Every structure is written in structure tokens, then in C-alpha cells.
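Subject: Handing over a structure, with notes on what was found

Dear colleague,

I am passing this structure on to you, and I would be grateful if you could look through it with the notes below at hand.

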Amino acid sequence: MKGLYIHIPFCIKKCIYCDFYSLPYRADLADQYMQAVARRLEKYPVVFDTVYFGGGTPSVFGGTRLAELLKNIQICDGAEITVECNPSTATATFFETIAVAGVNRISIGMQSAVPEELCFLTRRHTPAMVQTAVTSAKNARIDNISVDIMLGLQGQTIQSLQQTLDFCLHLPITHISAYMLKVEPDTPLASYDLSGLPDADTVAEFYLFLCKYLQQHGFTQYEISNFSKPGYACEHNLLYWNCEPYLGIGPAAHSFWNGKRMHFPRDLKGFLQGAYPVSDGAGGGIDEYIMLRLRLTEGLRFDLLKQRGYPPLNQQFLKNCVSLASQGYLILDNTGVRLTPKGFLVQNQILGRLL
Ligand code: SF4
């Protein structure tokens, strides 16, 4: 399996918490960017199994440019092709254009169904716009629809989280991603008074509530932050967690290609002028594989470890697993090791202990 990620580095306006690489949208830059990406793609005569347009805001870039880019990509039959959309910029025409071009999955940046929480995030959309975007996507025959939501927002409570989840559950969607708000340095949010944010224990309570609530309502957790209806796990993101190759094109895009990790600098101008990606060294070692697989609810499978040619796990690793299992952080059986929801909350500490 091989995936292609294309970063679209444009947004209408920067949200206060966001540190993804994006610049204010300009039509002339977007045209230049489309041509620069097409030129890069010529260097990779590869048939991809998944394609993912992320950002930034691909819906600002526009359906026509995305469709044009797709003409330059060789894609296998039945490939999953995803486009991230912002509810404030995704129109019915946008969905019709990308659907005709072959897009069959969208991911909508919803974040919350509570207007005050959206306002805190400086998002430009309303819950009604999310509903409209989903309806327009369905009308364009894009049935595989994901929404992103956030935990740990100012003023968020279990009740308001449930309001957001109930809103999602009434939408004809197949997938939900739930991320915890992280205050990134160098974002405007970092300089705000953050005393109103829920503390870590409260956010942990939100997370455990969400996992249980979504499970009860037909969305199975398959990764720390991802939940889907049966058969709708995101194939592209699964490539990352399965340590499969993927090519990232665009400023700030990362790749794991031919056994090497690399990324493009966060510099649109440099990318337009033909800058090369920067090497991050070799990838795909056993520690990396363990780290990525433990993000999945399926966890680390002994048969897959063997199939990929990794050495058996050492005794100390397994001894630590037994100890963590007795504390409810993971499950160890004869098929492998997998974290519990309680374990996902402290995944970094668990990895620190295991690796
Ligand atoms: S729309 Fe998305 S990518 Fe753009 S600034 Fe907001 S959160 Fe970041």
C-alpha cells in the first residue's frame, strides 16, 4: 500500500490555536501552488492506494484546482481519496466538483456543536453550516464523511460534549476524530488567559466518556483519536500507523518513502522555487513500529511483527507489559499487546517505560 498526502497551505484566516502551516489565501498563489505540486508529482510515476488533501483548508483552494491536481495522480481502482473541508467554505458546487473528480471521502473540521465553544476557537462556522456541508456532500454522492471534534475547550462540560456528540450522531456520517486541544507555543492562544480551560483530569474524564458514548452508539474506536462505523476506518491514516510508505507533497508535508523519513520546510516560497525535502533519517525501525501500532486499538500483533521481519520482543518489554496490564493500562495476550482507553490517556508515559 502506498499513500499520497498533499498539503494545501492556505486558509481564509488563522484560528487562534492552530499551528498547522498555512497562509492567507490568494488566488494567484493558489494557481502557482497547483502548478508546483503538479510538477513534483511528475517525479513520482507511482500508483497510489490512498490520496489525502489536508491543510490548511483544501475547500478554500477550490474544487477546480483539486480536480486538476487529481488528473496528475495515478490512482488504483477503489482508492480512498479524502479532502479536508471547512464548513464555512465548502459549497454544494465544491462537493459536486470534487465528487466528479473522484473524491469519495471528506473530513469536516467541525470541532464543536456549541456556538460558544466555536467562538472560543475563533472558528468562522456555525453548527448549521456543518449540517449543510454534510447534506451537500451526500447530495454529491460522497457518503464516507468524517467530522473532527475537540476536547478541552474553554467552558466545555460533559453536557456540552454530549451535545456535540449527539449532533454528530444525528448526521449521516461514518467517522469521527476527536482531538484534545493542545496549546501550542507561538500561537495567539498561548498568550491568552488560559485559567478557564478544563484541567487534565477533566479532559481525561471527557475522553473516557466520549469513547464509551461513541461505542454505545455504533462508532468503534480503532485508534486513540479515531472512531468509525464498521468498514469506515480511514485507510490513509492507517498507512501511517502501520508504518507503510506515504509521500507528502507541499510545505510542512512529511513522507516515509523508500525507508526514509523526510519533510518539506514550512516555506511556501521555497516550495514554489523547487526546494527539496529535508531528511529526517531512516524510518521503520522496531521502536517506531511499536510506537505507531500502539496507537491502534488492535495494538501490536505478534504475527505481524514476525511477518515484517522484526525480532521477537525482549523479556524486559514483556515484563513491563505484564506490570502495566495489572494496572489496567494495557492488555497482553498470546496475540499481542494493546492499550486500553485508560492506557491511551498516558500513552507517552507507557511508551517511555516500554521502549
Ligand atoms: S482553518 Fe484549520 S488549518 Fe486553517 S487556521 Fe483554522 S484550524 Fe488551522
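Where is the place of C243? C243 sits in the loop that runs between α9 and β11, the latter covering residues 246-249. Please keep in mind while reading that this is a predicted model. C243 has a positive phi of about 60°, although it is not a glycine. It counts as buried, because it has 20 C-beta neighbours inside 10 Å, and a residue with 20 or more such neighbours is placed in that class.

Leaving aside residues up to four places away in sequence, L239 touches M1, G3, T50, E244 and Y246. L239 and D49 are 190 residues apart in sequence, while their C-alpha atoms are 9.8 Å apart in space.

A positive phi is also found at N258, where the value is about 55° and the residue is again not a glycine. N258 belongs to the loop between β12 (254-257) and β13 (260-263). Is N258 buried or exposed? N258 is exposed, because 9 other C-beta atoms lie within 10 Å, and 12 or fewer is the cut-off for that class.

The ligand and its surroundings

Which residues are around the ligand? They are C11, K14, C15, C18, F20, S22, G55, G56, T57, N86 and G109. Sorted by class, this shell has four nonpolar residues, six polar residues and one charged residue. Two members of the shell, G55 and G56, are joined by a peptide bond that is cis, with omega near 20°. As for its position in the chain, G56 is in the loop between β4 (47-55) and α2 (58-61).

A pair of helices

Helix α7 (residues 158-169) and helix α8 (residues 200-216) have axes that come within 11 Å and cross at roughly 35°, and the crossing is right-handed. On the α7 side the contact is made by I158, L161, Q162 and L165, which meet F206, F209, L210, Y213 and L214 in α8. The residues of this contact divide into eight nonpolar and one polar, with no charged residue.

The sheet of β15, β16 and β17

Three strands form an open sheet in the order β15-β17-β16, and their pairing is antiparallel. Why do β15 and β16 stand at the edges? Each of them, β15 (300-301) and β16 (330-333), has a single partner strand, so one side of each is left without a neighbour in the sheet.

The strand β17 comprises residues 336-339 and is joined to β16 by four bridges, the two strands running antiparallel. Within that pairing, L332 stands opposite V337, and L330 has L339 as its bridge partner. Between β15 and β17, which also run antiparallel, there are two bridges, and here the bridge partner of L300 in β17 is V337. β17 has a covered face, with V337 and L339, and an uncovered face, with G336 and R338.

When residues up to four places away in sequence are left out, T335 touches R301 and F302. T335 and R301 are 34 residues apart in sequence, yet 5.9 Å apart in space, taken from C-alpha to C-alpha.

With kind regards

Notes: Residues numbered from 1 in each chain as written. Predicted model: local features only at pLDDT ≥ 70, side-chain atom pairs only at ≥ 80, totals over all residues. Near = placed C-beta within 6 Å. Nonpolar A, V, L, I, M, F, W, Y, C, P; charged D, E, K, R; others polar. Pairing = 2+ DSSP bridges. Contact = placed C-beta atoms within 7 Å. Axes fitted to C-alpha atoms, helices over the stretch in contact; angles between N-to-C directions. Left-handed = near helix turned anticlockwise from the far one by under 90°.
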